[in-house]
Amino acid sequence: RNVPGEATKKTIRLVDFSTPGNNTFTITNQFKVKAQQSRIADIVVFLNGIPVVVLEAKRPFASKDKTGEAFDQIKQYERDIPRLFHANLFNLITDGICVLYGTTGADSKAWADWKDPYPKQNSDFSNSLEKGLWCLLEPERLLDLLAHFIVFEKREQTVTKKLCRYQQFRAVNKIVQRVLEHPPAAAVADPNPNRKGLIWHTQGSGKSLTMAFATLKLKTHRTLQAPVLANPNILVLTDRIDLDDQIARTFEACGLPNPRQIQNAQALQAAIHTTTVGLTLLSTIFKFEGSAVEVPNSHNWIVLVDECHRTQEKDLGAYLRKTLEHACFFGFTGTPIKKTDKDTYKNFSPPNEGYLDRYSIDDAVADGATVPIRYTSRMTKWQIEPDKLDILFDNWFAAEPEDVVNRIKQRGITIEDLAKHRQRINLLAYDIWTHFLTHAVPEGFRAQIVAIDREAIILYKRALDPIITKHLEKQGIPPDQAREWAAQMTVPIYSSNQEDGKPSENLYTNQLRQDLKRYTLQDSAEKAAIGKFTGEDAEYEARVSRGEAPPVYILIVCNKLLTGFDAPRESVMYLDSALKEHSLLQAIARTNRTCGPYKEFGLIVDYIGITRHLTDALASYRQADIQNALVDLEVERARLKDAYAEVQPYLDAIPRHTNNLRQEYEALVTHLGSEDEWFLFHRKAKAFIKAYDALSPDPFVLDYREDLKWVASFLHFGILTFEKREPSLNRDVSAKIRDMLEEHLHVTGIATLCKLHNLTDLAFWQDFTLAHEDNPDMQLLQVAAVRKTAELKKILRQKVDENPLQYGPFSEQVREAIRRFEEGQVQAAELLKHYEQTVRKLQAEETAHRTTGLDPKTYGVFKILEAFKPSSAPSSSSRVREKIEPEQGYKVDATEEADPLEAAAKAIAALYTSNDTAPPGWHLKEQLRKSLRQQVRAIVFNLGLVNWKEIPGKVDEYAIKHYIRL
């Protein structure tokens, strides 16, 4: 930019990344941002005057239950004072123990804690608060995060701001450190076996993004004085076209400088043999086939290899290393390396190192980065034991034509023959659909069926269509539309084969080939179907929500979409293929992505019988690496039992099943006694509800059904009683059980008992009549007092937000009354009478403008002015008249009959309603707002008010709420 006094433009760096001490870090307390809805943030961290972190400190919360006041507060700030977040790096919330961080706009479920203080140890910190703040706010680390670990990912029309997780930060810095420890110059003279490393980050933990962050830091290294990283060439390799495309999309979406996806072997050779530096190339390993000419500057190349345990197969790894002999090699994998796979360790790990960085399945689940995976077996009669093929074949094919049986026996019975038995497929298809309707559909989740081969895909498609058609017809959809929609709700995804188009004399084979050809999707159609399944096709989603199109519920696959396929909405996988080892781990991980609060785990429904021999299927891996990769659904049943055991002592402590539910609830309130005990019970009760919800509709939950309804209803009552706020089921339960609980709330009358009313509702006033009865029902009186407290808190929050100076005194009165009630100084009847008087005064205040001749908005300005009168000054009602002599000659009409404050209020209102002084959009122009504040200052200068210099700011806040014109 142009610098005053200098002829040439200069580059001005707002941040000095290389020398942290040259920057100014400032922390403010109670930082106020003026806006239409002015807000005060608890703590804001500034970097050279730029707000980069907003921190909100609130009441205790659970790091896994990411809801509550602190998250709501950040969301409110983002909505009301967006200016504070234009240059924001991330936000923090803390309760003094937990520290969670998230980017602007992120859903609360995406927030996380920073668990690993690498390169320090947990023992270096006295508590988790100290550790969390150091990890995220220590100046050098903050600059590193700002420089290298935040990207804006653009997909379709959506831009998502993403900040790294701790394992990504740790892995990337280990990679960079490894490169710095073994620079290119040393590699030329003496090829160093330590210029490499192996990174295992389990599937769903953001491995592609880790590679993007690594590339970003290796290319830019803003916080490092590192000549060895001046212009490195980076090559990202995969072994699959779809993974190559996925990483390319990630790199492009994140705005990495000039990533180039290599299209063929010739283009690869031309690119790597160029003398150009600073390249970023993306390619598949297969393009190195036959490559034997070493790249002259191979020491300047850094190679990032995705799914590295597969890319070194056959001679491809040898060709790669022959071509780039002195390069740095970093291998990435989403699944653990087999204990027998010595080649991968040899190629990517220095002697005796193992993993350079490890982020396991258990780590990801513990962090909430992924959900755990559970399995259950169904239709066990039709599961296939490989060592019993002959017996099963004789039993299942007993009714088949003899020539069919003989033909199969002659060529040898296979698992595929049994898996594709017609009756078996039909029975499994019906079971899949009924299971899917109850387990996945209520929350909008999706599923995959993994068939044993392409023919089985077609058989499942044929079986499912009529089943779904009948279901839709029962929902009242006309038969023709039901058939059309059913055909669209399940989509086969497979690769075509040249055999598909060939005719056959065998009628069964001919029809099968015709269907294989019929359901084959070209690339664009396949991408469109996947977009509908994942929800990325926003236009289609809108049509589904309007009932104009059916959802794509289920993808039927055999090989495709079992690796590198990211679909958070997929919660169930119906497994009917005998996958093992790497293929099994890759496939089941499709269900482990997080998706909202009600996806507690991904579920694998085993129809083939793999899980009966799970140890054998995963025998090649170290037990420590895969022990919790796939766990029996029985653990969820045990979780429900344990959660209920935490709640049961509370239930046993009071009389129940008395046919007087309100009395039972009052007894539990008395038993809990304090707010602290309530919050402890509330946490345990929510865990019980969540465990029940996650397992439902499994028959196991039926034994807990009645207690669940009792506890959930009591939470409604308890929230009103202890927290004095309106209760809601929405946050606590999924659609699977919400209807059941809402029905129970209405049938028992708890919903009516806990419902909050507005001033305009007739029911609002009925509670006050109890306070005037001679012998009122004391339980009803107590509930009425609590409900009225919650109602007035809600009403006054809205009123105070409109005009704090006008309605603040009412809020203070209510708070004082609540304190006295909770301390036992007043009883329920007296509290209700006090509230009744407060409400009458509140109503009178709302209509008080009528006696002044001021309109409601101008009266609001008048109340602001009145709040600054000296305590000894006469009230406005005494109608004292003064001649106003404003500063700077500003004219205000005043007569002996006019109240000077009323006259000033009218003058101020005129400022904000005039197109001359406040044209439409005035609130968006800071200079115009400043001019208006100066004119307000002139009006109030000589009114004899206390602290009158604060008035222009208060009026500005009020005007932004009441005088905006667009």
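**Strands, helices and loops in a predicted model**

Strand E19 (residues 570–575) and strand E20 (residues 602–606) run in the parallel sense and pair over four bridges. In general, strands of a sheet pair through backbone hydrogen bonds, either parallel or antiparallel. E19 and E20 belong to an open sheet of seven strands, with parallel pairing and the order E17-E18-E16-E19-E20-E15-E21. At its edges are strand E17 (490–492) and strand E21 (631–632), each of which pairs on one side only.

A helix can be followed across part of this sheet. Helix H17 (residues 454–474) lies across strand E16 (446–450), E17 and strand E18 (554–557). Relative to E17, H17 runs at about 165 degrees.

Next comes a pair of helices. The axes of helix H25 (residues 634–652) and helix H27 (residues 675–695) come within 9 Å of each other and cross at roughly 150 degrees. Because angles over 145 degrees count as roughly antiparallel, H25 is roughly antiparallel to H27. Their crossing is left-handed. On the H25 side, the residues in contact include Leu640, Ala643, Tyr644 and Val647, along with the charged Glu636 and Arg637. H27 contributes, among others, Leu680, Phe681, Lys684, Phe688 and Tyr692. Sorted by class, the contact has 14 nonpolar and seven charged residues, and no polar ones.

Ser696 and Pro697 are joined by a cis peptide bond, with omega at about 10 degrees, and Pro697 lies in the loop between H27 and helix H28 (705–723). Another cis peptide bond runs from Tyr118 to Pro119, where omega is near 10 degrees. Pro119 is found in the loop between strand E5 (99–102) and helix H2 (128–137).

A search of the whole structure finds 40 aromatic pairs. One of them is formed by Trp200 and Tyr355, with 5.7 Å from centre to centre and 40 degrees between the planes, a tilted arrangement. This pair links distant parts of the chain, 155 residues apart: Trp200 sits in strand E8 (residues 196–201), whereas Tyr355 sits in the loop between helix H11 (342–348) and strand E14 (357–359). Asn352 also has its place in the loop between H11 and E14. The phi angle of Asn352 is near 65 degrees, a positive value in a residue other than glycine.

Technical notes:
Residues numbered from 1 in each chain as written. Predicted model: local features only at pLDDT ≥ 70, side-chain atom pairs only at ≥ 80, totals over all residues. Heavy atoms only, no water. Axes fitted to C-alpha atoms, helices over the stretch in contact; angles between N-to-C directions. Helix = DSSP H or I, 4+ residues; strand = E, 2+ residues; numbered from the N terminus. Parallel < 35°, antiparallel > 145°, perpendicular 65-115°, else oblique. Left-handed = near helix turned anticlockwise from the far one by under 90°. Contact = heavy atoms within 4.5 Å. Pairing = 2+ DSSP bridges. Phe/Tyr/Trp six-rings, centres within 6.5 Å; stacked < 30°, edge-to-face > 60°.
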